[in-house]
Amino acid sequence: MKPDMRLTPPGPAAVEILKRDARVVSQSMAREYPLVLHRAEGVNLWDVDGNRYLDFTAGIAVMNVGWNNPRVIHAVEEQAKLLSHGAFLDFCSEIPVAFAEQLTEFLPEGHNRVYFSNSGAECVEAALKLARYHTKRKYFISFYGGFHGRTYGALSLTASNVIQRKHFGPFLPVIHAPYANPYRPLGRDAATSDVDVIRYIEDHIFRTEVSPEEVAAIVVEPIQGEGGYIVPPLTFLPRLRDICDEYGILLVADEVQSGCFRTGTFLASEHSGVKADIVCLAKAIGGGMPLGVTVARDEIMDWPPGSHASTFGGNNLSCAAGLAVLEILQERGFGEKVLEKGRYLLEGLQRLQQEHDLIGDVRGIGLMCAIELVTKRETKEPACDERGRVIRQAFEQGFTLLPAGASTIRFIPPLTIEKGDIATGLAIVDKALSRCEGR
Ligand SMILES: Cc1ncc(COP(=O)(O)O)c(C=O)c1O
């Protein structure tokens, strides 16, 4: 369905609510444009002035099964009538247990123990505590450009935008390494971008900053999300796995953004055949309800009763929504369809790259795709202002997009999208890019 713009946003109703928001709500969130939502369905959003948008944000990769999926809504409604807060910390109930059983069916063999929380940051926080508890080591390694959340542990790992860290330190002992970025490699060669990072960890970090015997975990996003939708070479994770195995370090895969079939497989790390020791999932797993999970093998999740918990962890409404999400994701061919639609989107973006010099790079797997804008392809100077203008133009045409990194635009529609809507989105971006280039 094409967008239906009745009033140039923000319309009068939106303006009024934005004024109230500015008076009473913490303004610490960075919003890209003044969209005030009223309702949502499938791949469409409606604002309070009656405009309908085609959405390629999925609420930051949350609504993988589509906005307001009726099966998720039904599951939540039915569960709400029975038991919403089951006080899982103190009492047991079946829904969280059933959810955990189902979830482990999707995960690599052996990932059989689930810790419940309410968000991405919290499930990462749990991974850090678990890694320290299990290894009795203090340090962590994560990556420049990485985003893992904003609580203290998760923020200590995060190094994607300095405003997120400014005046909040000191942090946990985390050492950052460059991420394997083929478009902007550490060394000269895109093909060895991962080898160069591994060399940096072994020759620089382990020799000058921390002994590997003191490192509890390497925490990595299989595809870097907020940092710019960077797809590393498929050999990157296996090489990290090797380092971890050599020094007894745990590998933590933060799949908060890349998980739940966003890339066509349940976990993005499956593309490189790597099994992390601890997997973090949130966002899409709750289908719009707050749910985070940290999953590990039995022998790693060896912390005793009382060592970690949360009042709302294992919430019945979130787990009922999660169960409905898993039911949808396990339908035959779900992942293949995502891959096919992802190829269609990526090819469309590549065609746009041929027509628009602003697009320096096109990348992605499945429906986790992006374009990086540059002022000149030779210098790869990030086109930050242009990126903002393209997103704003698209918004005014009824197409919602989000930025990532310095000058990247991500394309992450609900996974239920049809090719016709992808074509509509591509046409709007084409127009927005042309306007930005003054054509
Ligand atoms: C990879 C990754 N980890 C963790 C988080 C934090 O999630 P939350 O905002 O739910 O705390 C995010 C959020 O964007 C993320 O992309």
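This is a predicted model: local features need pLDDT of at least 70, side-chain atom pairs count only at pLDDT 80 or more; totals for chains, interfaces and linings use all residues.
Two residues are in contact if their C-beta atoms, placed from the backbone, lie within 7 Å.

**The whole protein**

Begin with the entire chain displayed as a cartoon. The protein has 12 helices and 15 strands. Its radius of gyration is 21 Å, close to the 22 Å that the globule rule gives for 439 residues, so the protein is as compact as a globular protein of that length. A box drawn along the principal axes around the C-alpha atoms would have sides of roughly 60 × 60 × 45 Å. Of the contacts between residues at least 6 apart in sequence, 73% join residues at least 24 apart.

**The two domains**

Domain 1 comprises 12–55 + 335–436, and domain 2 comprises 70–329. Their C-alpha centres lie 26 Å apart. Where they meet, 19 residues of domain 1 are in contact with 18 residues of domain 2. On the domain 1 side, the elements that give two or more residues are helix H10 (334–355), strand E11 (359–365), strand E12 (368–373) and strand E15 (408–411). That side of domain 1 has eight nonpolar, six polar and five charged residues.

**The largest nonpolar core**

Now select Ala127, Phe140, Ile218, Val252 and Val293. Within the largest nonpolar core, which has 126 residues, these five touch the most other members. Helix H9 (residues 316–329) supplies the largest share of this core, nine residues. Both domain 1 (12–55 + 335–436) and domain 2 (70–329) give residues to the core, so it lies between them.

Keep Val293 selected and show what surrounds it. Leaving aside neighbours within four places in sequence, Val293 is in contact with Leu103, Val114, Tyr115, Phe116, Cys123, Leu281 and Ile285.

Is Leu281 buried or exposed? Leu281 is buried, with 29 other C-beta atoms within 10 Å. Not counting residues up to four places away in sequence, Leu281 touches Cys123, Glu255, Val256, Gly259, Cys260 and Val293. For a distance to draw in the viewer, take the C-alpha atoms of Leu281 and Thr158: these residues are 123 apart along the chain, and the atoms are separated by 16 Å.

One of the contacts of Leu281 is Cys260, and Cys260 is the next selection. Cys260 is found in the loop between strand E8 (250–254) and E9. Its phi is positive, about 60°, although Cys260 is not a glycine. With 28 C-beta neighbours inside 10 Å, Cys260 counts as buried.

**The ligand**

Select the ligand and the residues around it. Which residues are the closest to the ligand? Of the 15 that surround it, the closest are Gly120, Ala121, Gly149, Val256 and Gln257. Val256 is also among the residues that Leu281 touches. Helix H5 (residues 120–135) provides the largest share of the shell around the ligand, three residues. Coloured by class, the shell shows six nonpolar, six polar and three charged residues.

**Backbone features**

The next stops concern the backbone, so display its atoms. The peptide bond from Pro9 to Pro10 is cis, with omega near -5°. Pro10 is placed in the segment before helix H1 (12–24). Another cis peptide bond joins Gly169 and Pro170, where omega is about 5°. Pro170 lies in the loop between helix H6 (152–157) and strand E6 (174–177).

Proceed to Tyr229, in the loop between strand E7 (215–220) and helix H8 (236–247). Phi of Tyr229 is near 50°, a positive value in a residue other than glycine. Tyr229 counts as buried, with 27 C-beta neighbours inside 10 Å.

**A last stop in strand E1**

Finish at Arg39, found in strand E1 (residues 37–41). Arg39 is exposed, with 12 other C-beta atoms within 10 Å. The C-alpha atoms of Arg39 and Arg52 are separated by 9.6 Å, and the two residues are 13 apart along the chain.

Methods: Residues are numbered from 1 along each chain as its sequence is written. Helices (H or I, at least four residues) and strands (E, at least two) are DSSP runs, numbered from the N terminus. The radius of gyration is taken over C-alpha atoms; the globule rule is 2.2 Å times the number of residues to the power 0.38. A residue is near a molecule or strand if its C-beta atom, placed from the backbone, lies within 6 Å of it. Ala, Val, Leu, Ile, Met, Phe, Trp, Tyr, Cys and Pro count as nonpolar, Asp, Glu, Lys and Arg as charged, and the others, Gly among them, as polar. A nonpolar core is a set of buried Ala, Val, Leu, Ile, Met, Phe, Trp, Tyr and Cys residues joined through C-beta atoms within 7 Å. A residue is buried if 20 or more other C-beta atoms lie within 10 Å of its own, exposed if 12 or fewer, and partly exposed in between; C-beta atoms are placed from the backbone. Domain bounds come from an automatic or database domain assignment.
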